[in-house]
Structure formats: C-alpha cells, structure tokens
Amino acid sequence: MILRYATLLGLTAAFVVGGVAVVQHVKNAQAQAPGISVTPAAPQAEPAQPDASPPPDVTAPTAPAMPLTPTVENPLPENPTPLVNAPPAETTPPVVAAPPVETPAPAAKPAVADKKDSIAAKLLFAAQKLPTLGKAMAIGYYPRGCLQGGVELPVNGPTWQVMRLSRNRNWGHPSLVNFLEKFAPAAAKVTGWKGILIGDMAQPRGGPLPFGHLSHQIGLDVDVWFMPMPNHTLTPEEREKTSASNLVADDWKHLNPATWTPQHIAFIKTAAEQPNVERVLVNAVIKKELCRADPKASWLEKVRPWYGHHDHIHVRLACPADSPSCRKQPPVTGDDGCSDKALAYWFSDKVLRPAKAPPTTPVKPPKPVTLADMPPACKNVLDAPAKQATKTN
Ligand SMILES: [Zn+2]
C-alpha cells in the first residue's frame, strides 16, 4: 500500500515537473451519490454538492454543446469559447513509469483516504488497469465522473480495429461497446470501407485522463477516425504511429480536397442516426459542409462543431437507464446549427487566431481535480476489486 502511494506521489511529481497540466475548469460538474454496488460498505453518505454553476453547454450561446476538448493531435491553438473555459493544454503523452501492481484496495483508513484525496484523480484512475466488479454504471457527468463495471471493446473486430493500444482506453459502459459493434458494420456498409478505426473510449474505471481529453470519463464517449480500416490487421506499432487523415485545409476554413470524400458525410450521418447517440462532434468546416450537402436533414442537429475534430468524430451517448447517477446533458434544441450566425464564432479570429499571452505572463497551473472534486461514488470505484479481463485478441 505504501509503495503504491509512493509510486503515485512520484507520478504526481513527475507530472508537475514535466509541466503536464490538463486545464480543468468545469466546475461542480457532478453531485449525487449513486448507490454503487460493488463494495460491501454502504454507499457514500456525503451530501450531494449543489451544482452551483451551470454546465458550459447550457450557457454557451454558440452552442458548443459539450465541454469537450481538442485531442492531442489537434493543431489548433488553445482558445477559450465565450463561456466555456479554456480547453486543456495540448500535451503529448507523458512517459509514465510502470503502474503499481493491481491489488484489491483494503478498507481505507481515514489518514490514507486523506492522502488519496490530495492526489490528482487523473493519476489514480490512469493507474487502474482493470475495471471494477459489479454491474455497469456510468457515474457523474461526461467531463467529471467515472465508470463502474466497464467492459472492453475487443481490439479487433470484423469491421473495426482499435488504435493507440498503449493508452488502455478501449473501455466503456456496455451501451458504448454495443453502439460500436453496430456502428462499425453500418459505417463500413455506407462508406464502402473495410471497417473503422477507433480511438479513445474511456479508461477501465473511467475518470479523468492524464492527457488528451476533458470528457471521456464515464464510458459513454468515443472517438472514431475519419479513415478506412486497412485491409490488414495493424501491428501494435502501426496503431501507435499511424495518424488519422485531416479533412480540413491549412486555413481552417475549407475542406482539404485531398482527403475529404462524400463517404465522410455518410459516415457522420450513420453515427448520428444510431439509437442513443446524443452528439457527434466535428470540426466547424465539416459541419458547414454537412449543412450545405443535406440542409434539411434532421440528424444535423446532433452534429455539433467543436475545436479540433478535423481527423475524427467524437460520439457521445445518452445516459443509460441502468445509471441513475449519470448526469444528462441538455437535449438538442431542434436547431440544426447551420445558420451563418451559429457558425460564425467558429470561423472568427477568436478561434482561428487567438491572441497569445505575452511570454512574460506567468502561467499558473490549475489545481488538479482530486477525488474530493468528483462524485463520492468514484472513491468506491477506485477501491473496488478488479474484474479480471477476459483476454481479447
Ligand atoms: Zn473525443
């Protein structure tokens, strides 16, 4: 146990020294204490925190409908949206030492719990290599929560392959795995592609990620690349080094004619039309083209512009019925988001040419999110016994 925390503290120090700080501004994003069922102890009895500040997606006038951030591949500079705070700093995956050996956590003593509360939650969750036992449950909000009873998407399927295996992010709520198992063949069919390439889902127990995303925390978000699966089974190395194709031109105002194809419309439409899909995020250039190509389509309202997303879609599923403490995001309003007014922000200098802070401005890293900032049940998720993986190919 001591070793485990020493390792985690060491990791914390390494992250601080390395300057890896994911900006976290989504405040009070979650509250209720769900009845987690994996531990013999009673569910956490802490009172629910009132959700003082509305989620960014409620208030943002230009409808960036979810507090999602650019991925690490995103070359766009950091820039705040009108009411959503700055997305996390672009980071490359830090070199992380081997995680501590997975052992079932003994009942926490108060002093130990205190110590854990001070460790960045992203380190605690990233160190978990297996999901919890217990029934699947998405806990909290997409950018502030965790996952109980996560299931693994096999890294190879008839019509999909999972990329970036080193990240161990091919986990999700069963509804996400079900979605991908249906979407992959459907997308292959409408595009004529051999299959799809799947990027990040969630960590085995969800939670904050050390790099790359603010959301993807509760097992209901997935990135799918804008390119066909190749004919061969990719090697692990190819899955690390291959880049997704960028559909947007260098000016960030037009499509890239060398990579854009009409099949991409069918691909996005198919994702948006799957049951339980609430949002599909794409770059604004792509959104604009969808509006032009199919102006009356009802699925357009689910497809929203967001930073990055020039080389992948981000699909977000609705809270599943088995997850009472999953916090719903506001439903789409029926506005297709295609008006010039709706799209203008995304092509403004504020997004495309944001002012840089003077180099002398000291940059204070934000306080990392700790377990104390998360839904109380996420402590149980972290401490719960592991479900042994059934090895997938
Ligand atoms: Zn994503």
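Analyst: Two strands pair if DSSP finds at least two bridges between them. Strands (E, at least two residues) and helices (H or I, at least four) are DSSP runs, numbered from the N terminus. In this structure, Arg279 stands opposite Arg316 in β11. The model is a predicted one, in which local features need pLDDT of at least 70 and side-chain atom pairs count only at pLDDT 80 or more, while totals for chains, interfaces and linings use all residues. Residues are numbered from 1 along each chain as its sequence is written.

User: How many helices and strands does the protein have?

Analyst: Its secondary structure comes to eleven helices and eleven strands. Seven of the strands form an open sheet with mixed pairing, in the order β4-β5-β7-β8-β11-β9-β10. The edges of this sheet are β4 (156-157) and β10 (303-305), each of which pairs on one side only. Gly157 is placed opposite Trp160 of β5.

User: In which sense does β9 pair with β11, and in which with β10?

Analyst: The pairing of β9 with β11 is antiparallel and extends over four bridges, whereas β9 and β10 run parallel and are joined by three bridges. Leu281 faces His314 of β11, and Val282 has Pro305 of β10 opposite. β11 also pairs with β8: five bridges connect these two strands, which run antiparallel. Within β11, Arg316 is the bridge partner of Asp221.

User: Are the residues of β11 buried or exposed?

Analyst: A residue is buried if 20 or more other C-beta atoms lie within 10 Å of its own, exposed if 12 or fewer, and partly exposed in between, with C-beta atoms placed from the backbone. By this count, six of the six residues of β11 are buried. Cover is found on both faces: His312, His314 and Arg316 are buried on one side, and Ile313, Val315 and Leu317 on the other. β9 is mostly covered as well, with five of its six residues buried. For the protein as a whole, 45% of the 393 residues count as buried.

User: Why does Ile196 count as buried?

Analyst: Ile196 counts as buried because it has 26 C-beta neighbours inside 10 Å. This residue belongs to strand β7, residues 196-198. Two residues are in contact if their C-beta atoms, placed from the backbone, lie within 7 Å. Neighbours within four places in sequence aside, Ile196 is in contact with Thr159, Trp160, Ala184, Ala187, Ala188, Val224 and Met229. Among contacts in the protein between residues at least 6 apart in sequence, 77% join residues at least 24 apart.

User: Which helices lie against the sheet, and at what angles?

Analyst: Axes are lines fitted to C-alpha atoms, for helices over the stretch in contact, and angles run from 0 to 180 degrees between N-to-C directions. Helix α8 (residues 284-293) lies across β9 and β10, at about 135 degrees to β10. Seven of the ten residues of α8 are buried, so this helix is largely enclosed by the rest of the structure. The buried residues are Ala284, Val285, Ile286, Lys287, Lys288, Glu289 and Leu290. Their cover includes α7, β9, β10 and α9 (340-344). Helix α7 is residues 263-272 and packs on the sheet, where it touches β8 (221-228), β9 (277-282), β10 and β11 (312-317); its direction makes about 150 degrees with that of β9.
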